Number of protein chains: 2
Amino acid sequence: MRTAPQPAIEGDFALPDVFPLESGGTLRGARLRYAIYGKINAAADNVVLVCHALSGSALVAEWWPAIFSLPGVIDPDHDAVLGVNILGSCYGSTGPASIDPATGRPYGNRFPLVEIRDIVRSQALLLDFLGIARLKSAVGASIGGMQVLEWAIQFPSRVARATAIAVAPLNAMGLGLNHLQRQAIMLDPEWRDGNYAPDRQPQRGLALARALAVCSYKSEALFEERFGRKPDRSGEDPWTGNGRFDVAGYLDHQGEKFYSRFDANSYLAITRMMDLFDPARGFVSALQAWQRVEAAVTLVGISSDWLFPPGDVVALSEAMRAAGARCSYRELVSDHGHDAFLAEPELLIEVLRGGEKTG
Amino acid sequence: MRTAPQPAIEGDFALPDVFPLESGGTLRGARLRYAIYGKINAAADNVVLVCHALSGSALVAEWWPAIFSLPGVIDPDHDAVLGVNILGSCYGSTGPASIDPATGRPYGNRFPLVEIRDIVRSQALLLDFLGIARLKSAVGASIGGMQVLEWAIQFPSRVARATAIAVAPLNAMGLGLNHLQRQAIMLDPEWRDGNYAPDRQPQRGLALARALAVCSYKSEALFEERFGRKPDRSGEDPWTGNGRFDVAGYLDHQGEKFYSRFDANSYLAITRMMDLFDPARGFVSALQAWQRVEAAVTLVGISSDWLFPPGDVVALSEAMRAAGARCSYRELVSDHGHDAFLAEPELLIEVLRGGEKTG
């Protein structure tokens with residue numbers, strides 16, 4: 001399983017016909033796409049749940065191949081990896097592009113509000129079906145890390161080890177940037193109040209949203225090193241008034257790559273989910289929430305992350321320890337910003353190596 | 001002149017019928033709107049030129065009242081303040097909303113590319129007209145600071161003291177964010193390739209551009225302190241899926257306030273001008289450009305500014321000193337981000353107090 005793994009199983013799991021949501025709504029006839037890499041053993045105690053971020057999928061090896069080498073998270077020779085596409089996404093699980101059984105047409109903008117807790121609860125039902133009483137490990141970054149933390153709070157006896165990277169409740173700047181990304185999508189006349197045809201996406205709006213998100217996933221230092229004030233590599237001249245600088249060409253390219261692989265309404269749904277993540281919600285206090293945690297938790301902050309600043313991750317680790325949870329904090333020092341967990345896997349491996357610390 | 005000053009003169013200055021531009025184009029029949037506060041003395045050696053940033057105007061007292069109190073920049077009892085609306089703007093000087101004499105219709109998207117050097121050269125012609133051989137002082141922040149620096153390079157004998165705040169050549173992140181702001185405007189179907197009617201602005205696109213800019217003018221710390229994860233103050237509930245967080249309501253409000261007072265094509269023109277600012281352009285090296293400077297220069301960086309990070313301002317001051325220019329650097333320590341020069345005038349006054357330092 002060490003190189004280019006293929007899933008042993010790809011499956012579709014039917015949730016109960018009526019799946020109630022935190023928001024008070026329900027999803028009917030919803031399904032989860034999942035993938036299993038390696039073999040679940042007889043005791044089903046070797047399963048690592050890998051939770052994906054905004055644009056990931058159940059096919060973990062495609063977007064995070066380093067996951068199979070993370071020390072303290074996985075034993076690559078004996079463990080099985082489970083990836084589950086989240087509700088609201090567009091990679092096989094029920095989302096806004098799926099058919100609403102009530103109307104026979106895609107949900108579009110009528111897709112109900114789904115929260116991280118709904119995601120985690122749907123995954124727990126899949127675990128029941130697969131006969132997995134307890135996860136050896138749950139790991140994820142960004143929105144994936146939000147799922148990991150909710151797993152540790154909502155199902156404390158079902159996760160032995162939790163590793164959450166570059167995550168905290170989104171701060172005001174992050175909430176603002178997500179809002180503006182949604183505004184960009186909704187500004188595109190092709191959005192049509194969310195009821196666009198599958199082949200008529202609001203491409204420009206989605207591209208603009210993605211480009212803005214990419215700014216927040218990278219760092220000023222990385223952009224400066226990569227692009228600086230260089231003109232676009234295609235040879236455009238900014239001094240003509242329409243020519244782009246290199247960074248603009250890069251951002252446009254990132255936007256264009258994205259709209260051919262992602263659904264605009266899924267983008268709206270998942271950024272809202274990201275905004276709403278608040279592990280203390282419904283508890284008397286954050287302390288009460290963190291007191292539930294039984295897992296050994298590792299939090300990783302990224303030094304140059306300005307979407308989830310390392311200080312916010314440190315604060316989270318301190319809150320967990322204050323509640324008596326076993327939580328260690330590690331910092332990945334990188335200029336790559338929020339994306340460093342994908343861009344610098346060797347550094348992530350290095351940071352996680354060396355057993356438990358309570359730093 | 002200490003409180004709520006009114007301009008002694010507001011005027012329109014006709015540039016030469018053909019005004020050549022750096023880009024190779026020309027403006028015909030262009031005009032500059034200017035305002036003078038106080039009285040220019042007989043020797044005309046008491047004039048402080050206040051250069052405005054993106055959305056400012058000649059009416060300096062309206063958007064930067066602190067200017068009349070800045071130590072080392074102005075003697076409020078004896079000096080006169082000159083404000084000049086920049087070409088490309090929409091507060092009286094010729095810009096995209098002005099009538100193109102060649103067509104009898106607004107320039108719209110056909111407004112030629114104007115650079116900071118064109119702005120400064122047009123201001124120098126106004127100074128000729130007003131009989132001002134040499135400015136006692138030129139001061140500005142952001143795009144205003146770009147003008148100040150070009151003044152010091154292009155007309156070294158005409159400016160005795162130059163104070164440039166929160167400015168440097170825009171880095172890659174800034175270039176990227178400006179690009180995305182322009183994309184937002186052009187995504188709005190009401191933009192109509194720049195040929196919208198004056199009363200049919202691309203309001204939503206311009207509001208989105210402004211909101212994104214506002215994020216870059218503030219800091220994460222300020223947003224966190226002001227808004228945190230609070231729901232919108234109007235009582236909206238984010239957990240319904242459409243309710244906004246407070247920061248989103250704030251950004252929307254900033255956008256809405258803006259489109260009623262600013263022209264979308266001016267926004268495009270001025271952000272391009274901002275992108276292109278490069279004091280070394282056309283010189284063999286930056287060293288050669290800075291060697292021209294005769295003014296006593298003060299550069300001010302703002303600790304929490306991520307649009308023009310203080311490190312970039314420090315680097316600029318070091319380059320100027322390496323070229324033999326008299327340049328001091330000061331840092332305004334504030335959580336207000338780029339906008340601190342407007343938001344915390346008392347701190348700016350404090351930073352400028354105490355005579356020349358060569359820090």
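Let me begin with the lining of the largest cavity, which is made up of Leu180(A), Ala184(A), Leu208(A), Ala209(A) and Leu212(A), together with Leu180(B), Ala184(B), Leu208(B), Ala209(B) and Leu212(B). The elements that give two or more residues to this lining are helix 4 (172–187) and helix 5 (203–217) of chain A, along with helix 4 (172–187) and helix 5 (203–217) of chain B. Please keep in mind throughout that what we are looking at is a predicted model.

How much space lies in this largest cavity? The value is about 60 Å³, and the structure holds one cavity of 30 Å³ or more. If we sort the lining by class, we find 10 nonpolar residues, with no polar and no charged residues.

Now let us turn to the sheet in chain A. Here eight strands form an open sheet, and their order is 1-4-6-5-9-10-11-12, with mixed pairing. Which strands are at the edges? They are strand 1 (9–14) and strand 12 (326–332) of chain A, each of which pairs on one side only. Ignoring direction, neighbouring strands of this sheet are turned by 20° against each other on average.

For one pair inside this sheet, take strand 9 (residues 137–141) and strand 10 (residues 161–165) of chain A, which run parallel and are joined by four bridges. Within that region, Gly140(A) stands opposite Ala164(A), a residue of strand 10 of chain A. Helix 3 (residues 143–154) of chain A packs on the sheet, where it touches strand 5 (47–51), strand 9, strand 10 and strand 11 (296–302) of chain A, and its direction makes about 145° with that of strand 9 of chain A. Helix 10 (residues 310–322) of chain A, for its part, lies across strand 11 and strand 12 of chain A, and runs at about 165° to strand 12 of chain A.

Next come the annotated positions in chain A. In an unreviewed entry, UniProt gives the annotation "active site" to Ser142(A), Asp305(A) and His338(A).

Methods. Residues are numbered from 1 along each chain as its sequence is written. Chains are lettered from A and ligands numbered from 1 in the order in which they are written. This is a predicted model: local features need pLDDT of at least 70, side-chain atom pairs count only at pLDDT 80 or more; totals for chains, interfaces and linings use all residues. Side-chain values use heavy atoms; hydrogens and water are left out. On a 1 Å grid over the protein atoms alone, a cavity is a set of points where a 1.4 Å probe fits but cannot get out, and a pocket is an open set with protein on both sides within 12 Å along at least five of seven lines; lining residues have an atom within 4 Å of a point. Grid points are joined across faces, edges and corners, and a volume is the space filled by probe spheres set on the points. Ala, Val, Leu, Ile, Met, Phe, Trp, Tyr, Cys and Pro count as nonpolar, Asp, Glu, Lys and Arg as charged, and the others, Gly among them, as polar. Two strands pair if DSSP finds at least two bridges between them. Axes are lines fitted to C-alpha atoms, for helices over the stretch in contact, and angles run from 0 to 180 degrees between N-to-C directions. Contact means heavy atoms within 4.5 Å. UniProt positions are given in the numbering used here, feature names are shortened, and annotations may be inferred rather than shown by experiment.
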